[in-house]
Every structure is written in C-alpha cells, then in structure tokens.
Amino acid sequence: MITAAALAILALVCAVGAWRFTRARWTYRAPHVAIVLWQALGVTWGLAGTGALLAYALEPYGQGVLHGLAAFASAAFDGGYGPPGPYDLPRIVALITGLTALAVLVVVLLTAGVQTFRARHRHRTLLALIAREDPEVPGVRVLDHPGATAYCVPGLRSQVVVSAGTLKLLSPAELSAVLAHEAAHVRERHDLVLLPFAALRRALPWSRLVATVQYEVSLLVEMAADDVARRYCSPRRLATALLRFGTAGAVPTPNGALGAASSSAAVMARVERLVTPGPCLPRGVRYSIVAFSVTLTVSAPLLWLVPH
C-alpha cells in the first residue's frame, strides 16, 4: 500500500507541477532546460499514474509492480488469476484500469510515431517529384509555390524545404537565419521531443492541461532552435524574417514537418525574445533543474521495483 500511495502522490505532484509550470516564464530564458523538465514530468506522470493503480491491484502478490505483473501473468497462464489470498473487486477494477491506461499510452505513442513516419515518407516522395535544387541555396529543396513557407522534414534522410515565394520575400541574411533555424530542428531531433506530447494529446483530447502543455513545449522547441540559429546569424534578421512570414500569411506546414513560423502569438513571443532577450538563467540553476529532472524520471521506475 505504501508503494501505491507513493506513486499516486508522485503522479499528483507531476500534474500540479505541470499546471504551475505552464504559467512560468523563466522557461523562455532556458528553453533547452525547460524541455528536459517537461519530458521528465510527462514520463513520470505516465509511469506514476498507471503504477499507482497497478501497485494497489497487485499488492496481494507483495513483490512490486513489475514482479507482481509477472506473477499475475504466470498465474493466468496456469489457469488462475489471483494470489493465494482474497482478491476483491476494487483491486480487479484497479488492475483493469491500470493495464488499460498503460496500453492506451503505449499504443497511442506507437500509432502517432507510425503515422508521423508515414506522413514524412509520403512527403519525401512528393518532394522528389515536385521540388527542385537551386544553386543559390545549396542543400535545400525549393518548391515552385508563390506562398511563403519554410520547414524541415526530419529523419534519417532529413530535408529542408523553402518555397519560391520565400526566396522572393526574404533578404539573403533573413533567409540564412531561417535556414539555420530549420537546421537546428534537424540536428537536435526536435520531432522526437514533440512526438510523446502529441501522442498524449491524442490519448486525452479533452484535457485543457494537455493542450496547454503541448503548446508550451512546441513554443520552447521553436525558441531552442532560435537559440541555435542566433549563433550563426543576427537575431534581428531572424525576427524580421518571422514577422515577414506573419504579414505574408505563411503556408501551413505539412504533417510530420517542423516549420519556421507558427501561430501569431507564438511568433510574437519569439520575436520579442529575439529583439529584447532577457538575462540567461544562471548556470547553477540550470544544472539544478536538470539534476531534478533526472531524479524525477528515475523515481517512478524505481518505485515499480520496490516490494509492497
């Protein structure tokens, strides 16, 4: 019972922490660190929430969640479904709910991954047919479209794509800033960062908290790419490029891709941050947040192993 209570408290702490975290603005000062903390909160919440139900349901086995599941599977294989002692209705309900929630999270994550990879494969096939190379922007695929768009298709065969409208809209310096931003998405595999949160949104489409979390993580990913891009270009050039995209009415980014421009509110937050950057988060604070994130991530799996 102690393990179930500890996991339930941990899940509640993650939920409350996520709600408070969505209102924090220090995250804009250190987006990479904030992304690590968001990932830790998401993983821990999922494992702690399902683990609390399973720990309570499997308490009669007295061997912890993982060993309890193994004992339950062994008993089911032998023709029985319970331990030697009594197995009441609340524990049966908790077991069914916990296994169902765990299965839903895993299946939704795998489904989101497969759908995203298929969308990218279809888009790469389409790009091979309609996109062209341009000697003025080597290594970039150009679409003959009058609208403004710039995005990357991540993966093992990643591609950065811009439209002919973008080449006309942006100055050479602004274009270089946008391409540096997209290259940062590709190098840091931000698509893998966003995938679990998109899957969680599919599992809980009715949750306003999950929707807010997905928006915040998406914004932090864009800010992280901005930070990498500003090492190779002027931040003001990137800011003006984003504003040009906004005024020109950027073409929506295809499914599975990461675009330079997002919603108007997100673009304005990024522009303000690029033009008037705040002070960096102190190194000691950043290291402390990363250490806390690692500890938080490890805590739930360890509690799965602790005997009841």
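Which residue in β4 does Val140 stand opposite? Keep that question in mind while you set up the view.

This is a predicted model, in which local features need pLDDT of at least 70, side-chain atom pairs count only at pLDDT 80 or more, and totals for chains, interfaces and linings use all residues. Residues are numbered from 1 along each chain as its sequence is written, and side-chain values use heavy atoms, with hydrogens and water left out.

**Stop 1: the strands**

Select residues 140–143, strand β2. Strands here are DSSP runs of E with at least two residues, helices are runs of H or I with at least four residues, and both are numbered from the N terminus. Now bring in strand β4, residues 159–163. Val140 stands opposite Val160 in β4, which settles the opening question. Four bridges join β2 to β4, and these strands run parallel; two strands pair if DSSP finds at least two bridges between them.

Click on Arg132 and you will find its bridge partner in β2, Val142. The hairpin of β1 and β2 has six residues between the strands, and there Gly139 takes a positive phi near 80 degrees.

Are the faces of β2 covered or uncovered? Both are covered: Val140 and Val142 on one side, and Arg141 and Leu143 on the other, are all buried. Buried means under 20% relative accessible area, exposed means over 50%, and partly exposed lies in between (1.4 Å probe, protein chains only).

**Stop 2: the annotated spans**

Colour residues 36–57, 93–114 and 287–306, where an unreviewed UniProt entry places the feature "transmembrane region". UniProt positions are given in the numbering used here, feature names are shortened, and annotations may be inferred rather than shown by experiment. In the model, residues 36–57 are 100% helix and 0% strand, with end C-alpha atoms 32 Å apart. Residues 93–114 are also 100% helix and 0% strand, and their end C-alpha atoms lie 31 Å apart.

**Stop 3: the rings**

Show the side chains of Phe21, Trp26 and Trp38, which ring pairs link into a cluster. The structure holds two aromatic pairs. Phe21 and Trp26 form a stacked one, at 5.5 Å centre to centre with 25 degrees between the planes. Rings of Phe, Tyr and Trp (its six-membered ring) pair if their centres lie within 6.5 Å; planes under 30 degrees apart count as stacked, over 60 as edge-to-face and the rest as tilted. Phe21 counts as buried because its relative accessibility is 8%, while Trp26, at 24%, counts as partly exposed.

Then select Tyr56 and Arg91: the charged end of Arg91 sits over the ring of Tyr56, 4.6 Å from its centre. For this contact, NZ of Lys or CZ of Arg must be within 6 Å of the ring centre and within 35 degrees of the ring normal.

**Stop 4**

Move to α10, residues 264–275, a helix of 12 residues. From first C-alpha to last it reaches 16 Å, close to the 16 Å expected at 1.5 Å a residue; the expected span is 1.5 Å times one less than the number of residues. Its buried residues include Val267, Arg270 and Leu274.

Which residue forms a salt bridge with Asp226? Arg270 does, the closest N and O atoms being 2.9 Å apart. Asp226 lies in helix α8 and Arg270 in α10, so the pair ties together parts that are 44 residues apart in sequence. Arg270 counts as buried at 1% relative accessibility, and Asp226 does at 0%. A salt bridge is a side-chain nitrogen of Lys or Arg within 4 Å of a carboxyl oxygen of Asp or Glu.

Elsewhere, salt bridges that share partners join Arg120, Arg189 and Asp191 into one network.

**Stop 5: inside that network**

Zoom in on Asp191 and Arg120, whose side chains meet in a salt bridge (3.0 Å, N to O). Asp191 is in helix α7 and Arg120 in helix α4 (residues 89–130), 71 residues apart. Both Asp191 and Arg120 are buried.

Finish at Arg189, in the loop between α6 (172–188) and α7 (190–203). Most residues other than glycine have a negative phi. Arg189 has a positive phi of about 50 degrees although it is not a glycine. At 25% relative accessibility, Arg189 counts as partly exposed.
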